[in-house]
Every structure is written in structure tokens, then in C-alpha cells.
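Grab a pencil and keep the viewer open.

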Amino acid sequence: MLVKEILKITRGRLVSGNPDIDIAPPKISTDSRTMMKGGFFIALKGPNFDGDDFVKEAFAKGARGALVAVCKMQLDDKRIIIRVRDTLEALQTIASHHRMKFRIPVIGITGSNGKTTTKEMMWRVLSAKYNVLKNEGTKNNHIGLPLTLLKLESSHDICILEMGMNHRGEIRLLCDIAKPTIAVITNIGPSHLEFTGNLNKIFKAKREILESLCKKSIAILNGDDEYLSKIRNASFDILRFGLEDSNDLQATDISVGRNKIKFVVNGKMGYELNLLGLHNIWNALAAIAVGMRFNISYGSMKRSLFAYKPAYMRLNLRRFNGLAVIDDTYNSNPSSMDCALEALKNYPANARWVVSGDMLELGVHGKDFHRMVGRMVARSNAKGLLTFGRLSKATLSEARNCGMDKDNLWHCSTHGQIAGILRRVAKSGDAVLIKGSRTMKMEEVIKKLKT
């Protein structure tokens, strides 16, 4: 992408440098610390940093150019410096412009839970036949998604993009940038209620992904979901997956073993997952639906899904000191907590323990949702509950009110205290579920428990 092309699409002003220099989009970065030689730095501004302050560092590491809001460097004709009004908007514009140079399928995935797992399963299924680009980890927002699109090259056949949101309008923005041709919605559940208000508004926010679809597009939806099952639209095809008879892809004959799930799709295709949690059947069905769309053979999909391993801190089974520790510490909301408790319930163990940290971004009903989790734990087969965080006091109180043994209930003030109690009460052969919102850093419990 020539500098003069960037100038045109961003309406920027060339402060210094040659407009005929070619910039490789995969080398565009917003992080001066990881700048590659010959790269191009976009100086974003955040609440606690100003990218313009790091332009000098980017050039010192070999950048050939930078896009800035304010030029704080001494000018040099050999260095390309472009000034724009809004560097974030410029990043998104450049990424969208680059994406439109590739006439390939772009799959957008959103939903309240299961986005990352579905994306990774889908990538594994499709990669058996195609060269597939995906966003790494959870780089699924207004910065991570554009940076992923900039990595598109002529060798790529398909692009898979996880799309996250906190507020209404964010999915629409991501779709304006990425122009997905296939939309996947995993489910609608209580997450980010602090910003969206209620489940119906979450549904409307997630549904924004469908606005970008045209007549040749397809929406792949969880047909068991109360909200998604009601979507009707003649302007694009809809394929539904789930456990109910009304779905196009239906899973039946489900069986659960130790870290293993078996099921049959449409009465003839048997699959096996080396995973915890029945909810992963829905994630796998979405991946199978996309695989069928791209003519991946049943045998190939079966092998790919059997080989799939869970993403870091997402229902990872870890064994040490005789304990089976289910690490689901990446994040938490009421829906994912329900799934995690189901995984714990089905895991063979002498006794089961739950460690639950605060679930954040649930808005004015946060305490009510924490009480609901307390009821869920009390109704499960867990022997004890340890909570952490201000809101989780309501979880513990409700579990006690629902009849859990008060001698097996603890509210803790530190990660170390949680680990200390578990060392005392959890015996060899027991299973422990550890979960909480990202901010609660519940993985620290596991680190302390191991040592």
C-alpha cells in the first residue's frame, strides 16, 4: 500500500517523507515495542497513554513511517510521517480498504459465550483444506480486528473474525470494517449488561452482524437460543444448529465421559470431543456447519474436532497434588458459570469444590445475578464454595440460604487465602472449578495452589 494511497483514504497530510514508498500492511503496528524493521507505526491514544510519545521509539526499532495526531519529532525527509485528525479512525479505514482488495469469504463470529472456542474449532476444521487467517486470542475489538485484517495476504483463502462488544453499535462498526459474508451467532446471554441494559438489548446489539449480509450470505445461528430462534429473514440464508428437532444440524445420542463428549449429528455423523462441558457441542456444531459450507469432508472434520484442545484458561483440565483443577479463569458471566458448573457436575470425582470470583459488567442487577449463581451452586453436586470479591458475598449468602453446609462456605479476601483453604479441605481425587471475571485474576489461585 503506497503512502499516497494511505494519504488519500485517511485524508491525512504528509508531514515528511516520500509518498511513493510502499508500506506492507502486515507490518503496520500500534505497538512500538514489537515494531519490525521496515514497519509502519500508528500512534493510538488511550486513557493512560499517548502513542505520539512512542513514535521516536518506533523509528529507533526500524520503522520506516508513522501515522500521528501530533508530530512530536524533529522532521527528517527519510522518515514518513502522516498526520491525521483521528489515528484510530485512520487504522480502521486502512484496514477496511485493505480487506476490500480480497474477494474471499470473511466469517464473523459473535455471541455472549463461546466465541473464541467456536472460532478456534472453525479454524482447525477449515485449515485442513484452506489457508485461513484468524484473529489471535481475543483480539476481537475495534483495534484488534483491524490489525488482523491488515495481515490478509494473497495466499489466504478464508478469514475468520471473532467480534466482541460492550456497547450497542460496536458490532456494526466491526462489520463496516470487515464486511463479513458469513455471520455466526453462538448465543444471547447476560454479559456486559452494565452497558447494554437487558437481554433484549444484547440481542439487538449482537444482531447488528446480520445487517451487513447480502442475498448470497448465510447466517449460522444457535436454533436452541430463545432469541436467535426467532430470527426470520428472506434476504440471506439461515442455517440453525442445536439439540432440538427444528434445527438443520441436530446433535443427538450425547454421552459424557472423563474429559470426553460424544454426539451424533443428523443421525449419522458421530463426533468425539476431548473437552469438558456439554456447551461445547453447540460450539462444535457451529464449526461443523461452516465446514459443510466449505465442503470439508466428514472424516476431516471428525479428526479436526477430536484433536482440538481448549483455549488457555477456558475449561482447561489441570492435574496436580492429586486434584483435578478445572481452570476457567479467563472470564465469567451467569451463562458461562452455568456451563462450567455443568462441566464440574459431570466430572468424576470424590468431591467437588467451586471457587467463584466476581462477575463484572452486569449493571444494576449485578447482585441479583450473583445470588442466582449461589442458587446454581447449591443445586449442583458441589461439596463447598469459596468466593472472592465484593459482589460474590451475595453468592455465598444465597448458597447458605439454599441449604449448603455453612462449614463448607468461605468468603476470602486474597488469592492466597483461597489456595490455603483448598489445600486443607480438598483431597486427592477431588475436583475444583476456579472461575471469575478477568479483572479478578483468579488464575493466581492456581499458581498459589500449585506451590
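This is a predicted model: local features need pLDDT of at least 70, side-chain atom pairs count only at pLDDT 80 or more; totals for chains, interfaces and linings use all residues.

Residues are numbered from 1 along each chain as its sequence is written, and side-chain values use heavy atoms, with hydrogens and water left out.

**Exercise 1. Work out which residues of helix α15 are buried, and what they pack against.**

Step 1: Helices (H or I, at least four residues) and strands (E, at least two) are DSSP runs, numbered from the N terminus. Buried means under 20% relative accessible area, exposed over 50%, and partly exposed in between (1.4 Å probe, protein chains only).
Step 2: Go through α15 (residues 443-450): E443, V445, I446 and L449 are buried.
Step 3: Look down the axis. These residues cover an arc of only 150°, so they sit on the same side of α15; the arc is that of the directions from the helix axis to the C-beta atoms.
Step 4: Look for contacts, meaning heavy atoms within 4.5 Å. The buried residues of α15 pack against β17 (316-320), β18 (323-328), α14 (415-425) and β22 (431-435).

**Exercise 2. Trace the pairing around strand β12 and say how its two faces are covered.**

Step 1: Recall that strands of a sheet pair through backbone hydrogen bonds, either parallel or antiparallel. The rule here is that two strands pair if DSSP finds at least two bridges between them.
Step 2: Take one neighbour. Strand β11 (residues 182-185) runs parallel to β12, and four bridges join them; A183 has A219 as its bridge partner in β12.
Step 3: Take another neighbour. β12 pairs with β13 (residues 237-242) in the parallel sense over five bridges, and I218 has D237 as its partner in β13.
Step 4: Check burial. Five of the five residues of β12 (218-222) are buried: I218, I220 and N222 on one side, A219 and L221 on the other.
Step 5: Carry on to β11. I182 and V184 point one way, A183 and I185 the other, and all are buried. Strand β8 (residues 106-110) also joins β11, running parallel with four bridges, and T110 is partnered by I185.

**Exercise 3. Classify the ring pairs F203 with Y227 and F263 with Y271.**

Step 1: Apply the rule. Rings of Phe, Tyr and Trp (its six-membered ring) pair if their centres lie within 6.5 Å; planes under 30 degrees apart count as stacked, over 60 as edge-to-face and the rest as tilted. The count comes to five aromatic pairs.
Step 2: For F203 and Y227, the centres are 5.4 Å apart and the planes at 40°, so this pair is tilted. F203 is in helix α8 (residues 199-206) and Y227 in the loop between β12 and β13, 24 residues apart.
Step 3: Check burial. F203 has 9% relative accessibility, so F203 counts as buried; Y227 counts as buried at 18%.
Step 4: F263 and Y271 are stacked, at 5.7 Å centre to centre and 20° between the planes. Both are buried, and ring pairs link F263, Y271 and Y298 into a cluster.

**Exercise 4. Decide whether N266 and N295 are buried, partly exposed or exposed.**

Step 1: N266 lies in the loop between β15 (260-265) and β16 (269-273). At 34% relative accessibility, N266 counts as partly exposed.
Step 2: N295 is in the loop between α9 (280-293) and α10 (298-307). At 58%, N295 counts as exposed.
Step 3: Check the backbone too. Phi of N266 is near 50°, a positive value in a residue other than glycine, and N295 has a positive phi of about 60°.
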